[in-house]
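Subject: Structure handover

Hello,

Here is the structure I promised you. Please open it alongside this note; my findings follow below.

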Amino acid sequence: MFDIFKIFNFFKKNFSKKDILVLFLIFVLFFSTRLINLDKNPIFSDEGIYIRWAKTAWHDPSWRFISLTDGKQPLQTWATIPFLKLFPDNALLAGRLFAVFSGLFTLIGIFILSFYLFGKNTAYIASILYIITPFFTFFDRIALVDSFVAGSFVWMFFLSLLLANTLRLDISLIFGFFTGIFLLAKSSVSLFIINSFFGFINIFKEKKDFFKKIINYLILFFISISIAYLIYNIQRLSPYLHYVAEKNKTFVLTIDEFLKNPFQVFWHNFRYIPYYVAHSLGYTNFILGLLGIYFISKKNFWLASYIFFWIFVPYIPMTFFMKLLSIRYTIFLAPLFIVTTAYFLNQIFSNKKNLLLKSLLVFLSYLFTFYFTYTIIFAYDKIPFPPLPSPSVDRGQYIEGWPAGWGIKEFMDYAREKSKEKPVVILAEGNFGMSADVLDVFLKRNDKITIKGYWPLDEKVLFENQSLIEKNYVFVFYSHQDKFPPSWPLKLIKKIKKPGNKSQFYIFELIKQ
């Protein structure tokens, strides 16, 4: 039976005024690290796509499932709309606020999970570790769904564990409801369902009615998953759901591809997935997290086994089937390391002997983590993404390569100023992502600016649009091409260089010729 007073009494019993102050400071630290310079860092091309989808779905209800046209589930699109309503003239901020609150969702999950398993002190340590860890700081500040996927991982682990320990129908219903929502975020969430199936591992510690409890868990788990897929099937209201399976083939080997050469991606993924997770956790959390699992196993072998299971089981199919590998696709492997690291540190510091020395050693071990997180907030071009394999995939995507949107906001501000004289038309190279969608992110409601995306944006297109020059300023934005014959009717306005000098944007004015 629901009783709100029992909830109040629980908080009153477990949290003092001092605890409330600590929780307040944790929230202040979280929002400080997530909101400072949030819309100042350059936009990433995929952010442009997802924000444009949200803008379209907001203004046209018939396109609420627009993301399915590219094989992407719609949760991010829907969840971004409220932020766009709050900040209609700063779509980049709105899109990134979705990630910030996804990170808050993950933080709360980590706190609750740590509190449930190991107590209040471990929960506080885990919360602080989450906030300062580069992996999460970065993805909590960028308009991608991956931060929410990490949160899904934490909450599904917690709810499956709670279901195994309680065998309650209400927990099963809650688990199913949340899992259904999580499935609307990304296909990789289906891996977590497989993990959750093995929640009965936690029943192995029981001495009485062992077999009956496992059967009851599996029945409750089946109810949960039935509810989850009932929610997932809301996407069948769109005729584009089948594109999800097609899109997955871009990132994951099909069975036929796997059978032709089972080890074609194995050795690469086998080496670099742990490396990406360790590097992005700042190394210290990775090492101490493994030690934490070992220490947990000495007190509760089955819990340690379940934690290890949740980390290791997704790793196996990822090594064999993942075609494209970058840090964003490994983020969900990281949160449990935060929890186990917090447990390890709490055990170390619960013994007051040599406290100063232990504090100094821990602080020194986190210096790289502090630097990594600092660069994400204050020195974006210096972020030390994993350097291997060379060239760095992630540095190329977010900082040096064509997907990194340096200078685009400034260009749109320039175009806005020119539009005060007469309307502006921008011919954008690329009608999906970079650069039309990315430019569209910076449009405001009253702008007299029209963006026209073309692929390719060649000489023919330029001459076809020369008729617009009479009544408009016509600017041409090139994000990929770097050779422009003298015969093209273009006047260079600016060349935007990026860190590393590996790519650049070219901004021209279309002229009569």
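Start with the strands. β3 and strand β4 (residues 449-454) pair in the parallel sense, over 6 bridges. In that pairing, leucine 427 sits opposite lysine 452 of β4. One caution before going on: this is a predicted model.

β3, helix α22 (residues 436-441) and β4 form a right-handed β-α-β unit.

β3 has another partner. Strand β5 (residues 473-478) pairs with β3, again in the parallel sense, over 5 bridges. Here valine 424 stands opposite tyrosine 473 in β5.

Now β3 itself, residues 424-429. Of its 6 residues, 6 are buried, so the strand is largely enclosed by the rest of the structure. In a regular strand, side chains alternate between the two faces of the sheet. In β3, Val424, Ile426 and Ala428 point one way. Val425, Leu427 and Glu429 point the other way. All are buried, Glu429 included.

Next, a helix pair. α17 (residues 335-350) packs against α18 (residues 355-365) at an angle of about 155 degrees. Their axes lie 10 Å apart. Angles over 145 degrees count as roughly antiparallel, and α17 and α18 are therefore roughly antiparallel to each other. On the α17 side, Leu345, Ile348 and Phe349 make the contact. α18 contributes Leu355, Lys358, Ser359 and Val362. By type, the contact residues divide into 5 nonpolar, 1 polar and 1 charged.

Best wishes

Definitions and conventions
Residues numbered from 1 in each chain as written. Predicted model: local features only at pLDDT ≥ 70, side-chain atom pairs only at ≥ 80, totals over all residues. Heavy atoms only, no water. Axes fitted to C-alpha atoms, helices over the stretch in contact; angles between N-to-C directions. Helix = DSSP H or I, 4+ residues; strand = E, 2+ residues; numbered from the N terminus. Parallel < 35°, antiparallel > 145°, perpendicular 65-115°, else oblique. Contact = heavy atoms within 4.5 Å. Nonpolar A, V, L, I, M, F, W, Y, C, P; charged D, E, K, R; others polar. Buried < 20%, exposed > 50% of the residue type's maximum accessible area, 1.4 Å probe, protein only. Pairing = 2+ DSSP bridges. Right-handed = clockwise from strand over helix to strand, strands pointing away.
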